[in-house]
Every structure is written in C-alpha cells, then in structure tokens.
Amino acid sequence: CLPKACIAGYLIKDVTSICKTSPASVCVYVHACTCIKEALPSIYNNNIAVDYNVTVFFLFKQMCPESSRNIREVQCASYNNKPFMGRFYEWEPFAEVKGSQKCELNCRAIGYRFYVRQAEKVIDGTPCDQNGTSICVAGQCKSIGCDDYLGSDKVIDKCGICGGDNTACKVVSGVFKHTLTNLGYHKIVEIPEGATKINITEMSKSNNYLALRSRSGRSIINGNWAIDRPGRYEGGGTMFTYKRPNEISSTAGESFLADGPTNEVLDVYVSFLYLIFLMEKNCSVHFMLFLSASVLGSQYPVFHCVNRITHEEVSESYCDSSTKPIPEEEACNLFPCPAFWDIGEWSECSKTCGLGMQHRQILCRQMYANRTLTVQQYRCHHLEKPETTSTCQLKICSEWQIRTEWTSCSVPCGVGQRTRDVKCVSNLGDIVDDEECNMKLRPNDIENCDMGPCAKSWFLTEWSDRCSAECGDGVRTRSVVCMTNHVSSLPLEGCGNNRPSETTPCNNGPCAGKVEWFAGGWTQCSTECGSGSQQREVICVRKTEGNFDVLNPYECSYLEKPPSQQSCYLKPCGSKWFHTEWSTCSKSCEGGFRVREVRCLSDDMTASTQCDPQLKPEEKEPCNTQDCIPEIDENCKDKYYNCNVVVQARLCVYTYYKTACCASCTRVANRQSGFLGRR
C-alpha cells in the first residue's frame, strides 16, 4: 500500500489512517515526512523515504525550514495555470469556512471577491486551520495529541507532562514586596530550569520596569539600561510575552508570561533606573510557576536510648520518655530522576532477501511519582540517542541468468530487433518470478539491430487533373517519396539528390473579365473542444487588370458557391451535462415548479457516468411565486345585499345565483382554487 499522507510538520502514529491494506497485506513505512516544498508534485519523492513489506507504528517529525511555503498556498497555486470559466487567475487559500469545509481546498482569486472549491479534499496532513493542531486526513479533520498520536486527546499539563493530571506538579509562587532605595537592577526571583506556566506580574502600575536576564549575563528583556517595547522575546528555550498596559488609561502593572519549559536558569529583576521625585520606590510583584515534581519520598528519624559515655544502645527505661523527640517527616530524593531512552523492538526487515532496513521506536521517558511517562526529547539531550534504523539481510537474493543467445534480426535490411531469454534463478537453481531478482540489474532481453541500408527509389503519383488556378497561370501537383524497395534489380546507392519535381505549370486562359466566387479565411472554431463551426465570407467578384470588382451574388449564381460555414473539432471535451428546456410552470401564481431532464453524455452522445456531480444542472426549480390577483370584471357585481347568505348556503353552483351574486361567488371560487393549489 502506498503512503496516503505526508503530514507537514506533524508526527502521526495512527497507521490505519495512512495505509490501505494491499493484496499482500503489507503496509508502507514512512520514514520521515517534513513539509511541502515549492514543487508540489515532488512531495513524495523529496520528503518521504518508502520501504515496502514493513508494518509501521510511528512516524518522525521534523520542523519545516523558514523559507517553506504554506501547504494550502502551494495547493491553491497549482491551479494558477488552469483556466477557470475561460480565464486564468492567481489563487490564494480561503480560510473563512467552518465544519467539514475546513478539509476542502477552497481558494480565492487574488484581487477578486469570490472563492472556488478547487478540490473536494486537501492533501492529507494539511492543517485544518491556522490556529489549531488538527490536520486533515481523508477529508476529515483529525486532532493530534501531545503524544503525537492521531486522534489522541492528550494535552500537556501545567508542568509540561503529556497526558499528566497536574499531580506531579510543584507550584512555586509568592509576592516580592520591597522599597527600592538604590538605582539599578534588583533581583526578585529565580526561574529554575524546567519551569512551565510562568507568570511574573506587577500587582499595580508603577514607574519601575521588570527585566529578564540569563545566568550567562545575556539580557532578554529590558536590559543594558534600556526599555524594550511590549512583544514576544525568546529566552531560556521558550517564548516570553512582555505586556505593558497603556500608561495613561490602565492601572494594571507589567507582566512576563511564558508556557515553558525553560532549559536554563533565568533571573527576574525590577529596574529602578531614574531618580526622579515622583518615581515609585515601593515595588510589589507577584510570581507563580510550575515545576515537575520528581519521585519525591519521605523519611522519619528513628530515636534510640544510648549511654552518654559509650554511645551504646540501652533499654528505653534508662531514658526519660517525656523528653523523647517526636519524629517529623522529612523529604528525601529531592533531585529529579534522570530521563532515559526507552528502546522498542526492531521491526521486520523490509526485504525478504538482500540488503533491507528495519526500524524501532525510541522514546524519551522519565519517572514521575512512581509512574514512567513519555516526556519531550530535550530532557534526554545529555544521553546519546540510540539508532532508529539499521540494515538487515535475511538471505541472499536470486540472480539473473541469460539462457539463450541473441536471435536473428527481425528484418533483412534496415533497423530491426533481436531477442534472447533472460530468467531469474534462485540460489538453488530453480526459475522463480522476476520479482525475486533485482529489477535494476536485469539484463536486456530485446535490442535493436541494424542490417545495413536497403535499396531505395523515388515513388511518384500521377499529376493532378485540375490546375490550381481557374484562369491565368497555375500549377498541377504530384506526390514524391523515397521508399525502400526489395526488388534486387534496383541500385543500392539510394535515391540520391535528384528529387523529381512535385509541381508543373499550367494555364487555363486569361482571367480578365471573368466572374467567380472569392472566399475569405475561416474564423476560429466556435468551441474550444468538441464539435463547433467556422464561418467565412464568400463574395462574387469580377477580375480586371490588377483589381477585383465586387458583384451581386446572382452574377455568380451559375457557378458552384463555396461553403461559407463548416464544422470543426479541436479536441474531445469528455463527458458533459446536457439538459432539455424548462417545462411550463405548474401554476400561474402563488408558487409552482418547472422541471427539465438532465443527462450526462460523452463525446459520441452516449450515456456516461464521468460527469462531475457537483456541476450537475438543477432538474427542478420554483416559478411564478407572486400572489394570485383575480381579474376584475366590471360586469360581475352583486345585485343583492345578502349575497353572503347565498355563499353560505352553497347556492353558487346554480346559474341564477352565480349571476345574481357574481362578485361573492367568484371570490369564494378563487379562494377554493388557491387552497387546492397549496395542498
């Protein structure tokens, strides 16, 4: 089975979503899937290494280079050289869609206010949107957990553990309150390595500034006696967001926020830079962060009664029991357990014979609270990572053998072909299928052979019967071709350079005063594909000395008129939707419908199933939705004041009452017909 997804920048472990079972019940191992490159057709050639006959359980993730284009941009741009409605557009992704449309390839024409669904689904591995971590697989949006499994709902907890429940987290928080008396930077808290969910916030607005610096002395935010703008700053292996609210309208203080984890110790300072009368000297900063708790244990001291001089243990009856200290719990194993590489089993060899590849899964894991959890790989950076791939060979492959010599050439002269028998033979001497041998090393079993030049001669047709001109000078033509002839009496030196003439002059008499039809050039075909038509102008003219006079068409009526229209066919269109004209509307007012027949036909006008269902014309549509307005007849009036009694008694069916109470009877008849039409 072939790879069904190139997941750009993501790690996927759901094999069933990217592999289909082939007849041999094997899957394809995708070694690395990085990102879309400029040339979209080369995505599988450049970014995925494929080995067959290997069952897969994981993929590897690799970050895309900064110069890489967005995967949706590349897919939309691939339609730039394809006409849409007879015009060419440049396309960009259209992201303002919801639900199932997120995995469709919707592209907007650059500079225009419309978008088109270019494909029913995007390439597998395309992110569903710009903000989430979900990706599209087989046209459906799938989430990716922090464990890099497709469809997983695991998230990183506050202390950076994938799938954790925050029970292995240690919260470090406090408030720094001091009065600053000296100019400069004043350290308020240390951010240890591995800290997550970092929040350093001034409790109220002040004229002081927070600062961040690494232990190596590198300034990250607001260092070197300068104030940085609010924004995002990289430091300690994570990204810090520096916020400074509006200095006029807001009363909130500054803050540093970061998700972590940090990979080095960082120091937070508050800067007291300018000695001004109104400068805030009081500083109040709240800090909070999370640390991964190691395998913390506890222990209790054991107290014995001993001799004061010899320090030997004696019976507790010699000691005052009221002075025996109370054991207090003390923490032990304060340092985190080191992370380690968890090495999986090798997969089966990718080749049944000869040199192949096998793979294994390597995970960085660490012990937390008596549980072994998968952690981010940077925690194992101090250890040498074991190899994930290795070569393997189960047995020696079969080899090619040439069983016969070349046959005679297939032609007596000129260039022909000859063949020989090539078989794949196992190491036991048996003939096996060609797949058992290396197809790249297979010897040729067919080749061209040149038996030398054949005898050649000029072959001629008879001269054409008609002169090219109806009058005046013209030419007659014939076809001339040099062909092989196996008659032995012909010379072997070939046709030579004395090619016979293909034209001979002719003259049908003077043209002066002669009347004839004159035809112009054909127009372009009326259609870009399929059957169309072409037109040209045909006029009646009389030729004079160096000129033509245009005559009325009847002057040439005795001559055969050249056609002014002809059919044309540029290329096949493939299957297209055909439809009849709309039928008459089922109602004249208050909403009816009309129908037509729609069929998919191929170029030869036979039924086909190759038309795009999305482009199928409608077979039914509403019509005449306006309200019914009864026609007013000036002669149709009620002659009696109590015609409503006639209507209630249902006497309008009789001619006398229908005439005497015409207006009332007509009104009730219209209401009844409208009610029946809406049923």
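Is Phe84 buried, partly exposed or exposed, and what is its relative accessible area? In this predicted model, Phe84 is partly exposed, at a relative accessible area of 25%.

**View 1. The pair formed by Phe84 and Trp91.** Of the aromatic pairs in the structure, for which a search of the whole model returns 14, one joins Phe84 to Trp91 in an edge-to-face arrangement, with 5.7 Å from centre to centre and 85 degrees between the planes. The two partners can be read by their accessibility: Phe84 is partly exposed at 25%, whereas Trp91 is buried, with a relative accessible area of 4%, which is under the 20% limit for that class.

**View 2. Tyr185 against Trp225.** Here the ring centres lie 5.5 Å apart with the planes at 65 degrees, and the pair is therefore edge-to-face, since an angle over 60 degrees is assigned to that class. Tyr185 belongs to strand β9 (residues 184-191), while Trp225 sits in the loop between β12 (219-221) and β13 (231-235), so that the contact ties together parts 40 residues apart in sequence. Trp225 itself counts as exposed, at 55% relative accessibility.

**View 3. Charged side chains over tyrosine rings.** Lys82 is placed over the face of Tyr79, at 4.6 Å from the centre of the ring. In a further example, the charged end of Arg213 is positioned over the ring of Tyr269, with 4.7 Å separating it from the ring centre.

Notes. Residues numbered from 1 in each chain as written. Predicted model: local features only at pLDDT ≥ 70, side-chain atom pairs only at ≥ 80, totals over all residues. Heavy atoms only, no water. Phe/Tyr/Trp six-rings, centres within 6.5 Å; stacked < 30°, edge-to-face > 60°. Buried < 20%, exposed > 50% of the residue type's maximum accessible area, 1.4 Å probe, protein only. Helix = DSSP H or I, 4+ residues; strand = E, 2+ residues; numbered from the N terminus. Lys NZ or Arg CZ within 6 Å of the ring centre and 35° of its normal.
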